[in-house]
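Please read them with the coordinates open.

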Amino acid sequence: MPQLPAPTSDIASLVARLLLGIVLVAHGWQKLAEKGIAATSAGFAGMGIPAPGAAAVFATFVELGGGVLILVGLATPYVAVLTTLNMIGAGLFAGHWTGGVFVAKGGWELVGVIITGALMLLAFGPGRVSIDHLLAARRRAKEPVGRHVRVEERVRVLS
Amino acid sequence: MNLEFNRPLPAPARDVALLVGRVVLGVVMFAHGYQKMLVNGIGRTTEGFETLSIPLAIVSASFVTVVEFAGSVLLILGGLTTIVCALMGVIMVGAGVFVHYGNGIFLADKGWELVGVITVCLLFFAAVGPGRFSLDHVVRRLQDKDRRELELATS
């Protein structure tokens, strides 16, 4: 299977995480600081989103907090799932799924590619330049038997 | 609590995720390629590139149109994935430089978030490969089979 060798793929994952994290943080920050949760909640209510107050807090929290966690690569699988749910919701209530592809016409391309990025993070993890990797490596060092299992698994993944 | 961080999904789930991701990004890129190739046509696409003062508009418009139109099909099929990702990456950086990077992040301000997140997907696909459900994987298996048979015949 053609794939980039290990150091390069880790750098690619890092750059990808930085880009995705910045985009999510920007949206979360906009909701929290620029518009404010109250205005965001009012906007959500206008779009017919149920429980707009809770939804606004959820979206803000997932985008801002999740974006920061993606940047540093911590709790990646959980953040990936929450981000995907958030984007599915955005697609449903903002009408993206039925608006065609192009975002200029209200389509789903942006939420679609954000979900794709989150899906890749869920499937492959954040790469080696991440806190998750650091924590996993530290824990494995304490379990000499488990370490060998993981090395074998890694060899299998790479072959 | 034993939370298993940074653990990739098991192989079958990874391959399904890659297939889904490739199809989503492929459809997005195909829509843009289709628009440039058949809805607007290369001529009007070139004019659009000229008004954005993109250099060598006819060349760059043709390059972008062909890579988006044909590259997206290859991306969905999983053929020549690394090369397709690299070529699309060039387009995304070009779109960023000539249109989006100066406008902040948000799409509402013509910012770079869409080209940025498309780049995210391309980086991941290049990093991990197209997965098992792909032409690249089929080709690799046939090559391995050929090599084994050749080794057997010559030994």
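1. The model is a predicted one, and local features were considered only where pLDDT is at least 70, whereas totals for chains, interfaces and linings use all residues.

2. Chain A has seven helices and zero strands, so that its pattern along the sequence reads α-α-α-α-α-α-α. Of its 159 residues, 40% count as buried, and among the contacts in chain A with a separation of 6 or more, 57% are accounted for by residues 24 or more positions apart.

3. The contact between the chains draws on 39 residues from chain A and 38 residues from chain B. On the side of chain B that touches chain A, at least two residues each are supplied by α1 (11–39), α4 (81–100), α5 (113–128) and α6 (135–154) of chain B, with the largest share, 13 residues, coming from α5(B). By residue class, this side of chain B divides into 25 nonpolar, eight polar and five charged residues.

4. One helix pair across the contact deserves a separate look, namely α5(A) with α1(B), whose axes come within 9 Å and cross at roughly 160°. Because angles over 145 degrees count as roughly antiparallel, α5(A) and α1(B) are roughly antiparallel to each other, and α5(A) passes α1(B) in a left-handed crossing. The residues that meet include A:G112, A:V113 and A:T116 in α5(A), and B:A17, B:G21 and B:V24 in α1(B). The residues of this helix contact divide into 13 nonpolar, three polar and two charged.

5. The largest nonpolar core has 59 residues, and those with the most contacts inside it are B:V117, B:I118, B:C121, B:L122 and B:F124. Two or more residues each are given to this core by α1 (6–35), α3 (52–72), α4 (76–93) and α5 (109–124) of chain A, together with α1, α3 (57–77), α4 and α5 of chain B. The most, 13 residues, is given by α5(B).

6. What does B:V117 touch, not counting residues up to four places away in sequence? The residues are A:L19, A:L20, A:V23, A:L110, A:V113, A:I114 and A:G117. Of these, A:V113 also takes part in the contact of α5(A) with α1(B).

Conventions. Residues are numbered from 1 along each chain as its sequence is written. Chains are lettered from A and ligands numbered from 1 in the order in which they are written. This is a predicted model: local features need pLDDT of at least 70, side-chain atom pairs count only at pLDDT 80 or more; totals for chains, interfaces and linings use all residues. Two residues are in contact if their C-beta atoms, placed from the backbone, lie within 7 Å. Helices (H or I, at least four residues) and strands (E, at least two) are DSSP runs, numbered from the N terminus. Ala, Val, Leu, Ile, Met, Phe, Trp, Tyr, Cys and Pro count as nonpolar, Asp, Glu, Lys and Arg as charged, and the others, Gly among them, as polar. A nonpolar core is a set of buried Ala, Val, Leu, Ile, Met, Phe, Trp, Tyr and Cys residues joined through C-beta atoms within 7 Å. A residue is buried if 20 or more other C-beta atoms lie within 10 Å of its own, exposed if 12 or fewer, and partly exposed in between; C-beta atoms are placed from the backbone. Axes are lines fitted to C-alpha atoms, for helices over the stretch in contact, and angles run from 0 to 180 degrees between N-to-C directions. Angles under 35 degrees count as roughly parallel, over 145 as roughly antiparallel, 65 to 115 as roughly perpendicular and the rest as oblique. A crossing is left-handed if the near helix is turned anticlockwise from the far one by less than a right angle, and right-handed if clockwise.
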